[in-house]
Amino acid sequence: MNDDNRYPDNEGDDQVITKYRPTTAKPPLYKVILLNDDFTPMEFVILVLKKFFMKSDSEANKVMLQVHNEGAGLAGIYTFEVAETKVYAVNEFSRRQKHPLKCSMEKE
Ligand code: TYC
């Protein structure tokens, strides 16, 4: 086999490829989750959802209530690095504002 395998080299060792796999591999995705607590004001959670997750007022309200009622809720779905950055930014923002709000991520 020659090094430049774009072209056949007629040495007889190349195999005919009859099946192709898609070459556009999809990156794994991660859910960014907000967790409920008893102390963070609802308004602050709505602000976080608007500021970091680009939610509208009504979407932010819906997700906040889901977290409040069910214990956790989906803020968004991202690639690893983006999810990690959001989690860090939200936890740091909440900590600086002295709210116990916690954000985490899990593989989709
Ligand atoms: N449970 C909080 C309260 O009653 C509100 C809240 C909602 C806190 C969502 C965190 O992720 C959260 N003030």
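Buried means under 20% relative accessible area, exposed means over 50%, and partly exposed lies in between (1.4 Å probe, protein chains only). The model is predicted, so local features need pLDDT of at least 70 and side-chain atom pairs count only at pLDDT 80 or more, while totals for chains, interfaces and linings use all residues. Residues are numbered from 1 along each chain as its sequence is written, and side-chain values use heavy atoms, with hydrogens and water left out.

**Exercise 1. Work out in which order the strands of the sheet lie, and which strands are at the edges.**

Step 1. Strands (E, at least two residues) and helices (H or I, at least four) are DSSP runs, numbered from the N terminus. Two strands pair if DSSP finds at least two bridges between them.

Step 2. The open sheet has 3 strands in the order β2-β1-β3, with antiparallel pairing. The edge strands are β2 (72–79) and β3 (102–107), each of which pairs on one side only.

Step 3. Look at β1 (residues 29–35): 6 bridges join this strand to β3 in the antiparallel sense. Ile-33 has Ser-104 in β3 as its bridge partner.

**Exercise 2. Find which strands helix α1 touches, and its angle with β2.**

Step 1. Contact means heavy atoms within 4.5 Å. Axes are lines fitted to C-alpha atoms, for helices over the stretch in contact, and angles run from 0 to 180 degrees between N-to-C directions.

Step 2. Helix α1 (residues 42–53) packs on the sheet and touches β1, β2 and β3. The direction of α1 makes about 10° with that of β2.

**Exercise 3. Locate the salt bridge of Lys-31 and say how exposed its two partners are.**

Step 1. A salt bridge here is a side-chain nitrogen of Lys or Arg within 4 Å of a carboxyl oxygen of Asp or Glu. By this rule there are 4 salt bridges.

Step 2. Lys-31 meets Glu-106, at 3.9 Å from N to O. Lys-31 is in strand β1 and Glu-106 in strand β3, 75 residues apart, linking distant parts of the chain.

Step 3. Lys-31 counts as partly exposed because its relative accessibility is 26%. Glu-106, with a relative accessible area of 41%, is partly exposed.

**Exercise 4. Trace the salt bridge between Arg-95 and Glu-92.**

Step 1. Their side chains meet at 2.6 Å, N to O. Both residues lie in helix α3 (residues 80–96), 3 residues apart, about one turn of the helix.

Step 2. Salt bridges that share partners join Glu-92, Arg-95 and Arg-96 into one network.
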